[in-house]
Amino acid sequence: MKFFVDTADIKEIKELNDLGLVDGVTTNPSLIMKSGGKIADVTKQICDIVEGPVSAEVTATDYDGMMKQAKVLAKIADNIAIKVPLTWDGLKACRALRSDGHMVNVTLCFSANQALLAAKAGATFISPFIGRIDDMGIDGVELISEIRTIYDNYGFKTEILAASIRTVNHVKQVAMIGADVATVPPATLKALVKHPLTDKGLEQFLADWAKTGQTIG
């Protein structure tokens, strides 16, 4: 499973990318706002750091507006994936942008039927928001399973990009189901390495080593 980092924080992206943990980046207007920079400048900096897809989202809600903004975003770098909402106009824009050779991330997916439409429209990525579904008292991870089954049934090439991930358990669950990508906040990605028994074991090893009075090198 590939890891995309869900942030527009340049420092965090560079740190994780240097560790070889970043396969791509997802951004949205809210994340760009938090960064405090202009969308073109911030996105260009991210694309200069990361070799994989960098999702940049349109803010227009109509087809013509989406296509106009997409042309601007696509010029930022070759690894831009245009992010469009899962609406009729968004699906129309997806089809047109894919025909022009651009990567497209169809976002705000909350049902398997929506994901099916996105695949039919040729989406490069589909972004189901599992955390927001959980907020409604419904199992968001189950949606990933449903989409995986449908895509495998018909050989769709659209990659399932599990989004709105809130916990390390979400990451494990979507990986077990077979999501192609998980996009996670930096803090969640870093938390994957943590386990109390690892800390306890390391503490014991170091204590025992200290008792030997030895050094290495």
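Predicted model: local features only at pLDDT ≥ 70, side-chain atom pairs only at ≥ 80, totals over all residues.

Q: At what angle do the axes of helix 4 and helix 5 cross?
A: Helices (H or I, at least four residues) and strands (E, at least two) are DSSP runs, numbered from the N terminus. Axes are lines fitted to C-alpha atoms, for helices over the stretch in contact, and angles run from 0 to 180 degrees between N-to-C directions. Here helix 4 (residues 63-74) and helix 5 (residues 88-99) have axes that come within 9 Å and cross at roughly 40 degrees.

Q: Which term describes how helix 4 and helix 5 lie to each other?
A: Angles under 35 degrees count as roughly parallel, over 145 as roughly antiparallel, 65 to 115 as roughly perpendicular and the rest as oblique. Helix 4 and helix 5 are therefore oblique.

Q: Is the crossing of helix 4 and helix 5 left-handed or right-handed?
A: A crossing is left-handed if the near helix is turned anticlockwise from the far one by less than a right angle, and right-handed if clockwise. For helix 4 and helix 5 it is right-handed. The contact (heavy atoms within 4.5 Å) involves Tyr63, Met66, Met67 and Ala70 of helix 4, with Asp89, Gly90, Lys92, Ala93, Ala96 and Leu97 on the helix 5 side. By class, these residues are seven nonpolar, one polar and two charged; Ala, Val, Leu, Ile, Met, Phe, Trp, Tyr, Cys and Pro count as nonpolar, Asp, Glu, Lys and Arg as charged, and the others, Gly among them, as polar.

Q: How do helix 6 and helix 8 cross?
A: The axes of helix 6 (residues 112-120) and helix 8 (residues 140-154) come within 9 Å and cross at roughly 40 degrees, which means that helix 6 is oblique to helix 8. This crossing is right-handed. Ala112, Ala115, Leu116 and Ala119 of helix 6 meet Leu143, Glu146, Ile147, Ile150 and Tyr151 of helix 8. Eight of the contact residues are nonpolar, none is polar and one is charged.

Q: At what angle do helix 8 and helix 9 cross?
A: Their axes come within 9 Å and cross at roughly 15 degrees, helix 9 being residues 168-177. Helix 8 is therefore roughly parallel to helix 9. The crossing is right-handed. Val141, Ile144, Ser145 and Arg148 of helix 8 make the contact with His170, Gln173, Val174 and Ile177 of helix 9.

Q: What is the volume of the largest pocket?
A: On a 1 Å grid over the protein atoms alone, a pocket is an open set of points where a 1.4 Å probe fits, with protein on both sides within 12 Å along at least five of seven lines; lining residues have an atom within 4 Å of a point. Grid points are joined across faces, edges and corners, and a volume is the space filled by probe spheres set on the points. The largest pocket has about 490 Å³. Its lining has 21 residues, and Asp6, Asn28, Leu31, Phe129 and Arg132 are the closest to the centre.

Q: Which element supplies the largest share of that lining?
A: Helix 2 does, with four residues.

Technical notes. Residues numbered from 1 in each chain as written. Heavy atoms only, no water.
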